[in-house]
Amino acid sequence: MAKLKLGILGSGSGSNMQSIVDAIEAGTLDAEVKIVLTDVPGAKILDRAAKHSLEATYLDCAPWKTKLEGPAEDRCIEIMKAAGVDTVVLAGFMRIVKPKLLAAFPNRVINIHPAILPSFPGVHGWTQALDYGCKVAGVTVHFVDAGTDSGPIIVQKTVPVMEDDTPETLHARIQVQEHIAYPEALNIIASGKYRIEGRRVRIG
Ligand code: GRF
């Protein structure tokens with residue numbers, strides 16, 4: 001299969017992007033990062049991108065606060081296409097992506113969510129799991145569809161919830177697994193050895 005050409009969208013620290021870049025640099029993921037876009041000026045993900053000499057820029061998503069739509073969505077698609085992106089990676093991107101972006105990259109928009117879906121979609125999945133009293137929590141990497149955190153699942157990993165966990169300690173434990181799960185999921189896509197059958201992603 002051809003090397004994946006990634007376009008990364010992130011709003012925060014970018015530790016998931018870092019795990020992807022590290023896997024590429026270690027030769028364990030056949031991909032290249034073509035562009036990094038953030039909707040948050042000065043987000044740490046930009047510093048991380050700069051350290052690896054990746055092309056990265058701020059994308060003004062106004063007037064919307066929680067979705068990528070309208071002129072910003074058009075601009076995002078234009079930038080990604082011009083950069084030669086074939087796979088869009090949401091790495092802590094705190095906006096809902098809309099059908100136009102999904103149509104521009106069919107079955108090629110991937111998200112990571114810090115919970116075992118379909119439990120606890122939306123924000124702060126780890127806090128939801130803790131408050132619910134779950135004994136296990138975890139992470140899901142999935143294809144993005146028109147819903148919220150609802151697309152076909154590629155990889156999931158679990159972690160135990162400890163008696164003395166706080167939202168912060170649980171999230172930190174989940175993030176360790178996130179950084180394994182995202183490169184693993186992208187490797188499956190890069191291999192081409194999968195097919196999406198309804199909700200199921202059949203691998204191998
Ligand atoms: C991660 O917990 C991810 O699962 C969620 O947002 C967080 C982003 O972290 N979607 P980072 O910016 O990749 O460090």
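In what follows, helices (H or I, at least four residues) and strands (E, at least two) are DSSP runs, numbered from the N terminus. The structure is a predicted model.

Pro 63 is found in the loop that runs between strand E3 (56-58) and strand E4 (67-68). The peptide bond that joins Ala 62 to Pro 63 is cis, with omega at about 5 degrees. A cis peptide bond also joins Leu 117 and Pro 118, where omega is about 15 degrees. Pro 118 belongs to the loop between strand E7 (109-113) and helix H5 (125-132). Phe 120 lies in the loop between E7 and H5 as well. Although Phe 120 is not a glycine, its phi is positive, at about 60 degrees.

Which pocket does the ligand take up? The space taken by the ligand is the largest pocket. Around the ligand stand Gly 12, Ser 13, Gly 14, Ser 15, Asn 16, Gly 92, Ile 112, Pro 114, His 171, Gln 175 and Glu 178.

A polar backbone atom of Gly 14 is 2.8 Å from an oxygen atom of the ligand. In the side chain of Asn 16, an N or O atom is 2.9 Å from an oxygen atom of the ligand. Gln 175 also takes part, with a polar side-chain atom that lies 3.3 Å from an oxygen atom of the ligand. On its own, the ligand has 370 Å² of accessible area, and the protein covers 88% of that area.

The shell can also be read by its secondary structure. Helix H1 (15-25) and helix H6 (167-191) are the elements that give two or more residues to the shell around the ligand. Of the elements, H6 gives the most, with 3 residues.

Definitions and conventions
Residues are numbered from 1 along each chain as its sequence is written. This is a predicted model: local features need pLDDT of at least 70, side-chain atom pairs count only at pLDDT 80 or more; totals for chains, interfaces and linings use all residues. Side-chain values use heavy atoms; hydrogens and water are left out. A residue is near a molecule or strand if one of its heavy atoms lies within 4 Å of it. A polar contact is a pair of N or O atoms within 3.5 Å; within protein, one must be able to donate a hydrogen and the other to accept it, and residues adjacent in sequence count only if both atoms are side-chain atoms. Accessible areas come from the Shrake-Rupley method with a 1.4 Å probe; for residues, only the protein chains shown count as cover. On a 1 Å grid over the protein atoms alone, a cavity is a set of points where a 1.4 Å probe fits but cannot get out, and a pocket is an open set with protein on both sides within 12 Å along at least five of seven lines; lining residues have an atom within 4 Å of a point. A molecule sits in a cavity or pocket if more than half of its atoms lie within 2 Å of its grid points.
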